[in-house]
Amino acid sequence: MLDAFRRLFQRRKTAVDVSTAPLTPDQLEAITGTIGPRTDPPQLIAACGQSVGKQRDLNEDSLLAITATLAGNTNFLPFGLYIVADGMGGHQFGEVASNAAIRTVAGSVLRKFHPYLFHLNSEVPDESLQEIMQIAVAEAQRIIQREAPGSGTTMTAALVLGQQVTIAHVGDSRAYLLHSDGRAEAITRDHSLVKRLEELGHLTPAEAEKYPHRNVLYRALGQGDILEPDIFTLPFPRNGFLMLCSDGLWGVIPEPEIVRIVQESATLQRACQALVSAANAAGGPDNISVILVQLLT
Amino acid sequence: MVNPQPTHSSHQSQPGETPLDTRRITQSLDEGNSSSRRQLPSGFILAKRYEIQEVIGVGGMGSVYRARDLHFPNIVKLVAVKEMVNLATDPEMRKAIIQNFEREANILATLNHPSIPRIYDYFSQDDRSYLVLEFISGKDLEAIINETKGFLPEEQVLAWAIQLCDVLDYLHNHNPPIIFRDMKPSNVMLNFNGDVILIDFGIAKIFQSGVKGTMIGTEGYAPPEQYRGEATPLADIYALGATLHHALTKRDPRLEPPFSFAERPIRKINPAVSAEFEAVINKTLEYKMEDRFRSAAEMKEALINVGRKTGILNRLPTAGLQSTTIKPIWTFTCEDEIRGSSTIFQGILFIGSYDNNLYALNAADGKLIWKYPTDGGIVTRPAIYQDSVYIGSGDARLHAVSIRSGKVLWTYYTKGPIHSSPRIAEGHVFFGSDDHCLYAVNLNTGRLTWNIQTSGVIRSTPFIAHERIYVGNESGDFYAFDFRGEIKWRFTAKRGITGSPIVVDQTVYFCSLDGTLYALDALHGWLVWRFRLGKSSVVTPAVSENIIITGAADGFIYAVDIQNAREVWRFRTEHQVSGSPTIYRDAVYCGSADGVLYCLECRTGRLRWKFATQGPITGTPMIYDDIVYIGSSDRNVYALFA
């Protein structure tokens, strides 16, 4: 017992940087940045918030957040799966579709990773991360068309493995990278009519804001015969956050305000609650879902 | 060339008449500058460094010269020297002119784009100031418009327009944004590859939103609001539209009433232009700012759509404006085939050959400095550390050779021929051998630190990143080792891995004989994505921004999006692609077994030029200071202008 304490103590001592030279830019950033001292083992943490909003009776949004950390002698392994799905209003069973989307996608992805994460003789999946996401989306598409024909949902899913994020995306929920310098970078592209019109130059951003049919999607999970999700992989933002949210958040709160709220909140949980409160305070016209993810290294 | 812009202090001294003042200064200098005696004579050596060759342009405030940089005595490095003669007598004005000149230098120094000339130096002597810039050999668009009989081909103008949007988009998104403010044909250079380069940043302005700028710009091309003293990114877009209108109609807007483009519909003058292209140009020339494209990026998108819809970009002549065949700067002939790649260090090119020799050549003229004989053919790329060059040979040895003398320092024996190139890190040289082992040998002593037996012959070159050594073998296993030689993870492809890996950010990329380009998580070895190639591949990929380039035995060079694994373009060569690509600036250089070295545009895969050798090319081009070095199975090393 005593030895264990001594080891602990000694290790900590060697880890302290005692240099008195002027701080390097990296050191300065470590002090002034949003991140505290080094985290051991590196940890993936996540929090979420959800609200039906102020103007709807039914919550058609669904969200899912799974965070796992496996740390030991061999390998440190953060694993996370985060999904936001926004069932389409005006269709029947929007809530059924969004619920089916998160469960089916998560089930499909976890089945692939189960042998890798939880078997003693860890087996790497045969498929690539992007193929795994592709298969999961196709499965969700099939299930929704079977269980709730005619319904549809958006689906933005982020698979975090190590320091890579693989996104699968359909519809107009969004994934953002909130960078430490205050930028909010939307990494998904809305599959919505209004965005398309804006991309084609038929609408200015100002006109788009007031466009009456803002909720019309041209691609949604459960709709159409052929579904082509956007799938891509990128590194987890350093000292930043990954945020998934439905349009009940991003359509209501301006991006700089989102960044400000996240930066000013003491914890991820409070940030999520503050974001939901802000959207409700701004009228809460739609269901609100948000997931914030951070990788502490 | 540099149009002066009064500073705020001069505004105050002469309020209200700013645009006129500006012009008056220019004119007075023009008059003073009319005699040629003030031009520097050819042969004149400026600042003990730049030997003036000839005048290549005359502007309002001085001349532009082609000069040779004498700091490169062994090669002819050409630069453009832009001169500004300061004849203003008013001290405030003198200061303003110098500040303006320095502003151009400072703007250029912060920019990095293939369509913007690089700045090398600037200095003042007596009453003259000089900018030393990248020399662009080509012609300006105004000269091309004037010299072309009939109309310029639409596809050519469209291709230029897309490139111009790209550079404007770059400037406007610069931090802080830069408004070029003088887009016109005479400020657009076309080099011999047919690529666009924007020149004369004399009045480019760092944009402060909401601030009304001074009206400077070329009449005829400038938009209405610029005449009101406003300069925004939209002004550049308008002027680009005016430039394109001029290029397609050959009607010079400076000779027409301002904003009268609508009275000269493009297709009425030049019916060969597609309605789609005309519509895009018309939108850029709308009188009201709000009716135009909102950004250069948006206009570029629209232009690309014109290309897609009409298919006219496919009519582009593949080699741009280039008419002459490429001539090597020098060639050097070995005694047998060259299958490997070269390394350049301090003006010396190192390359091995099947004739068993490692050659050290003067990179400037290709003259032999020394050759070092091994006892086997060499296909590996030499590695350099301090005063030594390291090379693996078919004689099973790794050789450490003195750069100065070309004499051996030490050799290390493995139990098989070496086809894997050495990599240097942490005081060690890492390489694989046909004896299945990966070796870590101490650089100074030549003694083994460790070796690891893998499941097969190692011909792939290790890549070192994240304190890991990545290497594949002929049994299809791919390994990540740490510096102690412990396996961190392993991945198995369906067939052998002969090509070498590269690591970018968190991902390691390599090709396999199973015909797949793999992207693996570098830290843990998960498969992130895979891309099917038409056939097996021994190529080492190269990455530029979001594009990864590789080749395969089906004869194609492939470009794949690094994030979503979608094909961006593919380019067909006449035989297997077993040479690896090198990316230099915005171009891909890659050899093929058809004997040709190809230079392709990175973003589009468009052929810029090609150079035929007499045998298959299997090595990777080495590019340094705008010169490409490549070896061929025809026994020659070639040095070519990139």
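# Briefing on a predicted two-chain structure

In this structure, 17 residues of chain B are in contact with 16 residues of chain A. The model is a predicted one. Chain B has 642 residues, of which 49% count as buried, while chain A has 297 residues, of which 43% are buried. The points below treat the side of chain B that touches chain A, then each chain in turn.

**Where chain B touches chain A**

- Two elements of chain B, α10 (296-310) and β32 (527-532), each supply at least two residues of the side that touches chain A.
- The largest share of that side comes from β32(B), with four residues.
- By class, the side of chain B that touches chain A has eight nonpolar, four polar and five charged residues.

**Overall make-up of the chains**

- Chain A contains nine helices and 10 strands, and chain B contains 10 helices and 43 strands.
- Among contacts in chain A between residues at least 6 apart in sequence, 74% join residues at least 24 apart.
- For chain B, 48% of the contacts between residues at least 6 apart in sequence join residues at least 24 apart.

**The open sheet of chain A**

- Five strands of chain A form an open sheet in the order β2-β3-β4-β5-β8, with antiparallel pairing.
- The edge strands of this sheet are β2 (61-70) and β8 (230-235) of chain A, each of which pairs on one side only.
- From one strand to the next, the twist averages 10°.
- Strand β2(A) is joined by 10 bridges to strand β3 (residues 77-86) of chain A, and the two run antiparallel.
- Within this pair, Leu70(A) has Leu77(A) in β3(A) as its bridge partner.
- Helix α3(A) lies across β2, β3 and β4 (155-161) of chain A, and runs at about 15° to β2(A).

**A pair of helices in chain A**

- Helix α3 (residues 94-118) of chain A also packs with helix α4 (residues 129-147) of chain A, at an angle of about 140° and with the axes 8 Å apart.
- The crossing of α3(A) and α4(A) is right-handed.
- On the α3(A) side, the residues that make the contact include Val96(A), Ala100(A), Thr104(A) and Lys112(A). On the α4(A) side, they include Ile132(A), Ala136(A), Ile143(A) and Glu147(A).
- The residues of this contact divide into 13 nonpolar, two polar and three charged.

**Strand β34 of chain B and the strands paired with it**

- Strand β34 (residues 547-551) of chain B is largely enclosed by the rest of the structure, because four of its five residues are buried.
- Strand β33 (residues 542-544) of chain B runs antiparallel to β34(B), and three bridges join the two.
- Ser544(B) stands opposite Ile547(B) in β34(B).
- The hairpin of β33(B) and β34(B) has two residues between the strands, and Glu545(B) takes a positive phi near 50° in this hairpin.
- Strand β34(B) also pairs with strand β35 (residues 556-561) of chain B, in the antiparallel sense and over five bridges.
- The bridge partner of Ile549(B) in β35(B) is Ala559(B).
- The hairpin of β34(B) and β35(B) has four residues between the strands, and Gly555(B) takes a positive phi near 90° in this hairpin.
- As background to these pairings, the side chains of a regular strand alternate between the two faces of the sheet.

**Backbone features in loops of chain B**

- Ala47(B) has a positive phi of about 55° although it is not a glycine. This residue, Ala47(B), is in the loop between β1 (45-46) and β2 (50-59) of chain B.
- Ala47(B) has 12 other C-beta atoms within 10 Å, so it counts as exposed, the cut-off for an exposed residue being 12 or fewer.
- Arg181(B), also not a glycine, has a positive phi of about 70°. Arg181(B) is found in the loop between β8 and β9 (188-191) of chain B.
- Arg181(B) counts as buried because it has 26 C-beta neighbours inside 10 Å, the cut-off for a buried residue being 20 or more.
- The peptide bond from Asn175(B) to Pro176(B) is cis, with omega near -5°. Pro176(B) is in the loop between α5 (154-172) and β8 (178-179) of chain B.

Technical notes: Residues are numbered from 1 along each chain as its sequence is written. Chains are lettered from A and ligands numbered from 1 in the order in which they are written. This is a predicted model: local features need pLDDT of at least 70, side-chain atom pairs count only at pLDDT 80 or more; totals for chains, interfaces and linings use all residues. Two residues are in contact if their C-beta atoms, placed from the backbone, lie within 7 Å. Ala, Val, Leu, Ile, Met, Phe, Trp, Tyr, Cys and Pro count as nonpolar, Asp, Glu, Lys and Arg as charged, and the others, Gly among them, as polar. Axes are lines fitted to C-alpha atoms, for helices over the stretch in contact, and angles run from 0 to 180 degrees between N-to-C directions. A crossing is left-handed if the near helix is turned anticlockwise from the far one by less than a right angle, and right-handed if clockwise. Two strands pair if DSSP finds at least two bridges between them.
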